[in-house]
Amino acid sequence: MAEKDNRFKLSWSSLQRFELCKQKNYLVSQGLSAPGKDVRNFLAGTVVDSVQKSWLENPYGKMLDLVDSHFEKVVTNYQEKNTIKWRNKNDKKKIYDICCTATVELQPILEARILPYEYEPAKRFYETVKIKKPDGNVEEIILRGEFDLLVKDPSDNRFIVWDLKTTADNDYWKKSLGQLVFYDLVIISMFGQPPKKSGFIQPLCDEQVKEFYFTNEDRVQMWGRINAMMQAEWQGDHEPKKDNTGCSFCEVVHCCSKFNRKLFK
Ligand code: SF4
């Protein structure tokens, strides 16, 4: 049996969660999330990701033809775990229609931007990096996650990282830009050089493809964020955030120290 890897694992979502609330990230990492987290808002993205992966593995015919089977599979899976809270009786159809529209818009983008190159959809990474601890020792941690689409341009053997966003919010990318810088660092660690570019494919937005070219300053800032999380982790700093915004919807509120302080000791 393979030995358990005890090195600390850090993903983009854990970094975001840590920056929102250290206590939340710690409790989630301990597996203490309440069961039945509502996935309704992620449903369309999950379905379109799944359709994209499947179509790119065999890119013939219409992507739209894959939506029905992937939609039913994803919805059935979540319903069995009782984790979709539909907003009204038309909500399921509404999400289905979003998936169809996104898929129709997505296919020509993939044909133009992905199919001419070497590519791998849903490419998982598990990358070792080294960080200096407060005591001066250097420790290995793991950056882990998944690129929606990793593309290699054979003309120069350089990589392009694409992330698919199934949102119609034209400003959503601003909240997610750090994700691409995080991926940029992973590519450097994996291949010794940064991607030639990174971008969001957002088929439901006015600007369907957004490309970015990151600088060393962007990378230093992201490395600083990763470093700050690790320093807090090594110091055992799992403080709950000060304000209560979003706390009532938090998946670990039931065991959060801020709301579970005993009145009598
Ligand atoms: S309830 Fe609020 S303070 Fe507590 S873990 Fe969740 S987000 Fe953090």
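These legends walk through a few close-ups of one predicted model.

Residue numbers start from 1 along each chain, following the sequence as written. Since the model is predicted, local features need pLDDT of at least 70 and side-chain atom pairs count only at pLDDT 80 or more, while totals for chains, interfaces and linings use all residues.

**View B. Strand 1 meets strand 3.** Strand 1 (residues 9-10) pairs with strand 3 (residues 138-153) in the parallel sense, over 2 bridges. Strands are DSSP runs of E, at least two residues, numbered from the N terminus, and a pair needs at least two DSSP bridges. Look for leucine 10, whose bridge partner in strand 3 is leucine 143.

**View C. Strands 2 and 3.** Strand 2 (residues 118-132) runs antiparallel to strand 3, joined by 14 bridges. Phenylalanine 125 has glycine 145 of strand 3 as its bridge partner. The hairpin has 5 residues between the strands, and glycine 136 takes a positive phi near 95°.

**View D. Strands 3 and 4.** Strand 4 (residues 158-164) pairs with strand 3 over 5 bridges, in the antiparallel sense. Phenylalanine 159 in strand 4 stands opposite lysine 152. In this hairpin, 4 residues lie between the strands, and asparagine 157 takes a positive phi near 60°.
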